[in-house]
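Biologist: Thanks for sitting down with me over this one. Could you take me through the model, one question at a time?

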Amino acid sequence: MRLPRITVAVTAIVVALDAATKLAVVQLLTPGRVVHAGPLLKLDLYYNHAAAGNALTGRSTLVSLLAIVSVLAIAAIAGRTSSRVTGAGLGLLLGGGIGNLADRLFGAPSPLHGGVIDWLRPFGQTGSMNLADLAINLGVVVIVLGVFTPRRRAEGQPDAAADAA
């Protein structure tokens, strides 16, 4: 399986940014101590051992295994795409998935039991998130937009509309 260059590039950028911010946050923030970063954002370090929205609480091994399967499935799908937009969206999903999976695999207390480092809490929200989570959400938006955006035909390719006439 060969991933499109756009997917690899976007994945690498997301993983690098997510890891860098998590390294900084762990050094600068204290769990349970909320820092107000303006009227719309709070910084709140939290180690999430469950899935999104605290689903599957107490089942960190299952959550980790589901994350592994998800990352592998996204990579397999990305290997089959020819759309740059879809490739970029899948890169966002893949980068976010790898970023959170790394926390689960390498975080305390042990492999498959690590907590995802969440630290961003937008105004009005009760839970925290991280850049990987934002990339995953943005990836879904990009893929959906890509589905509804007409693809340009390549040079020398016949126009499908002209062929239908």
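Biologist: Let's start with Leu131: is it buried, partly exposed or exposed?

Modeller: Happy to, and do keep in mind that this is a predicted model. Leu131 belongs to helix H4, which covers residues 131-148. Its relative accessible area is 28%. Buried requires under 20% and exposed over 50%, so Leu131 comes out as partly exposed.

Biologist: Which residues does Leu131 touch, leaving aside those up to four places away in sequence?

Modeller: Here a contact means heavy atoms within 4.5 Å. With residues up to four places away in sequence left out, the partners of Leu131 are Leu17, Asp18, Thr21, Trp119 and Leu120.

Biologist: And how far is Leu131 from Gly95, C-alpha to C-alpha?

Modeller: Along the chain, Leu131 and Gly95 are 36 residues apart.

Biologist: Are Asp18 and Lys22 buried or exposed?

Modeller: The cut-off for buried is under 20% relative accessible area. Asp18 has 1% relative accessibility, so it falls below that limit. Lys22 has 4%, so Lys22 also counts as buried.

Biologist: Which residues are linked with Lys22 in a network of salt bridges?

Modeller: Besides the Asp18 pair, Lys22 meets the side chain of Asp103 in a salt bridge, at 2.6 Å from N to O. That pair links distant parts of the chain, with Asp103 in helix H3 and Lys22 in helix H1, 81 residues apart. Asp103 is buried too, with a relative accessible area of 11%. The residues in the network with Lys22 are therefore Asp18 and Asp103.

Biologist: How do helices H1 and H3 pack, in terms of angle and axis distance?

Modeller: Two packed helices are described by the angle between their axes and the distance between the axes. H1 spans residues 5-28 and H3 spans residues 84-106. H1 passes H3 in a right-handed crossing. By class, their contact has nine nonpolar, eight polar and four charged residues. The angle is about 35°, and the axes are 7 Å apart.

Biologist: How many salt bridges are there by this rule, and which strands hold Arg121 and Asp44?

Modeller: The count comes to three salt bridges. One of them joins the side chains of Arg121 and Asp44, at 2.8 Å from N to O, and both residues are buried. The pair ties together parts that are 77 residues apart in sequence, because Arg121 lies in strand S3 and Asp44 in strand S2.

Biologist: What about the loops: which peptide bond is cis, with omega near 10°?

Modeller: Look in the loop between H3 and S3, the place of Pro109. With omega near 10°, the cis peptide bond is the one from Ala108 to Pro109.

Biologist: What is the phi of Leu112, and what is the phi of Leu56?

Modeller: Leu112 lies in the loop between H3 and S3, while Leu56 lies in the loop between S2 and H2. Leu112 is partly exposed at 24%, as is Leu56 at 34%. Each has a positive phi in a residue other than glycine: near 75° for Leu112 and near 60° for Leu56.

Biologist: Is Arg59 buried or exposed?

Modeller: Arg59 lies in the loop between S2 and helix H2. Its C-alpha is 8.6 Å from that of His113, 54 residues away in sequence. At 51% relative accessibility, Arg59 passes the cut-off of over 50%, so it counts as exposed.

Biologist: Last one: in what order do the elements run from the N terminus?

Modeller: The chain has five helices and three strands. Of its 165 residues, 35% count as buried. From the N terminus on, the order is α-β-β-α-α-β-α-α.

How values were computed
Residues numbered from 1 in each chain as written. Predicted model: local features only at pLDDT ≥ 70, side-chain atom pairs only at ≥ 80, totals over all residues. Heavy atoms only, no water. Axes fitted to C-alpha atoms, helices over the stretch in contact; angles between N-to-C directions. Helix = DSSP H or I, 4+ residues; strand = E, 2+ residues; numbered from the N terminus. Left-handed = near helix turned anticlockwise from the far one by under 90°. Nonpolar A, V, L, I, M, F, W, Y, C, P; charged D, E, K, R; others polar. Salt bridge = Lys/Arg side-chain N within 4 Å of Asp/Glu carboxyl O. Buried < 20%, exposed > 50% of the residue type's maximum accessible area, 1.4 Å probe, protein only.
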